[in-house]
Structure formats: C-alpha cells, structure tokens
Amino acid sequence: MKTVVLLGIIIGVSIWVAPVRAESIPLKPGEYQITAVTETSNGEAGKPDTRTRCMKDEHLANPDAVFNYYVMNGFKPKPSNKVTNLSIHGGKVSYDIEGPHAMTRVEGTVSSTTFSVVRKAMPTSGTGLLVTMKVDGKRTGDCTSK
C-alpha cells in the first residue's frame, strides 16, 4: 500500500509541470492512440493503458503536454515545476522536469506521426522508488469535431 501511495505522489508531482514555450514538437496535430505502461524499481508493473487523444497545435508547443500520459486524466501543470534541458532534433526528444518532490528525465523518439518516450521519476529526497513510464503514441487521423 505504501508503494502505491508513493508511486502516486511521484507520478502526480512529476506531471504537474509548467508549460514550456520552446521548440515545437514535430508531430502533426490530430487524433492519437496513446499507450502507457508504468513500472517501479521494486518490480511492480502496471498493465498497459491505451486511450485516444486529440492533440492540437497548442499542445505541441509544450513537450510535457504531449509526452505525459497523465495530462489525459485532467492534471494541470504545477507552476513550481520546471522543464529544463529541452532538446528536440534529429528525431529525438529529451528534457528534465525539476520538482520539489521528484526529478524526472524524459527521453525518446518523435516523428511527424509517432512518438515513444521513457519517463524516469526519482524522488528528490534520494529515498524511494524509481518510477518508469513508457509512453507510445501513433496518429490515427484527424480530430473529430465536437
């Protein structure tokens, strides 16, 4: 139970990140099928979770609004967190998220219609579990109007 609570805290903190207005992500706006799988350093692993999401131009201006699976659950960026070391070039993306409770490293690949990243969150206290989340996305078409 403690592991699940700690896992939730680390993931929650690592996803509340202030928007970044740096390089745009080369993905084409549209509907994406996104799958995420989470594992912890103690061997616990979740089942793959797949959802669809409409990604618009404004999402593509913020890497953590794209490569963060929990944005789909309604989480909002936390102003105290900071995205640093952003690099998007040659089909690769990487950045760090510095927060008061966790440091998260995000690395992966991106094309115009697909992406695959690994998010590794480590508590800043130095004790606790390393949480790894693999997030894959594939464009399936244009967004449906609502």
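Is phenylalanine 67 buried or exposed? Phenylalanine 67 is buried, at a relative accessible area of 0%, where buried stands for under 20%, exposed for over 50% and partly exposed for values in between (1.4 Å probe, protein chains only). The legends below describe a predicted model, in which local features need pLDDT of at least 70 and side-chain atom pairs count only at pLDDT 80 or more, while totals for chains, interfaces and linings use all residues. Residues are numbered from 1 along each chain as its sequence is written, and side-chain values use heavy atoms, with hydrogens and water left out.

**Figure 1. The protein chain, with 3 helices and 7 strands.** Helices (H or I, at least four residues) and strands (E, at least two) are DSSP runs numbered from the N terminus. Read from the N terminus, the order of elements is α-β-β-α-α-β-β-β-β-β. The chain has 146 residues, and 42% of them are buried. Its accessible surface is about 7800 Å², with 55% belonging to carbon and sulfur atoms; the areas come from the Shrake-Rupley method with a 1.4 Å probe, and for residues only the protein chains shown count as cover. A contact requires heavy atoms within 4.5 Å. Of the contacts between residues at least 6 apart in sequence, 54% join residues at least 24 apart.

**Figure 2. The aromatic pair of phenylalanine 67 and phenylalanine 115.** The structure holds 1 aromatic pair. Its two rings are 5.2 Å apart centre to centre, with 75 degrees between the planes, an edge-to-face arrangement. Rings of Phe, Tyr and Trp (its six-membered ring) pair if their centres lie within 6.5 Å; planes under 30 degrees apart count as stacked, over 60 as edge-to-face and the rest as tilted. Phenylalanine 67 belongs to the loop between helix H3 (63–66) and strand E3 (82–89), and phenylalanine 115 to strand E6 (residues 114–123), so the pair ties together parts that are 48 residues apart in sequence. Phenylalanine 115 is buried, with a relative accessible area of 3%.

**Figure 3. The largest nonpolar core, with 23 residues.** A nonpolar core is a set of buried Ala, Val, Leu, Ile, Met, Phe, Trp, Tyr and Cys residues joined through side-chain atoms within 4.5 Å. The members that touch the most other members are Ile25, Leu27, Val66, Phe67, Tyr95, Phe115 and Val135. Two or more residues come from each of strand E1 (30–40), E3, strand E4 (92–98), strand E5 (102–110), E6 and E7. Leaving out residues up to four places away in sequence, valine 66 touches Ile25, Leu27, Arg53, Met55, His59, Leu60 and Phe115.

**Figure 4. The disulfide between cysteine 54 and cysteine 143.** A disulfide is a covalent bond between the sulfur atoms of two cysteines. Here it is assigned to a pair of cysteine sulfur atoms within 2.5 Å, and the count comes to 1. The sulfur atoms of cysteine 54 and cysteine 143 are 2.0 Å apart. Their S-S torsion is about 100 degrees, so the disulfide is right-handed. Cysteine 54 lies in strand E2 (residues 49–55) and cysteine 143 in the segment after strand E7 (131–141), so the pair ties together parts that are 89 residues apart in sequence. Both ends are partly exposed: cysteine 54 at 24% relative accessibility and cysteine 143 at 28%.

**Figure 5. Asparagine 85 in strand E3 and aspartate 96 in strand E4.** A polar contact of 2.6 Å joins their side chains. Such a contact is a pair of N or O atoms within 3.5 Å; within protein, one must be able to donate a hydrogen and the other to accept it, and residues adjacent in sequence count only if both atoms are side-chain atoms. Asparagine 85 is exposed, at a relative accessible area of 52%, whereas aspartate 96 is buried, at 10% relative accessibility. Phi of asparagine 85 is near 55 degrees, a positive value in a residue other than glycine. Beyond four places in sequence, the residues touched by aspartate 96 include Lys82, Thr84, Met103 and Arg105.

**Figure 6. Valine 93 in strand E4.** Valine 93 is buried, with a relative accessible area of 2%. Apart from residues up to four places away in sequence, valine 93 touches Phe67, Ser87, Ile88, Val106, Glu107, Gly108, Thr109, Val110 and Val117. The C-alpha atoms of valine 93 and isoleucine 25 are separated by 8.6 Å, with the two residues 68 apart along the chain.
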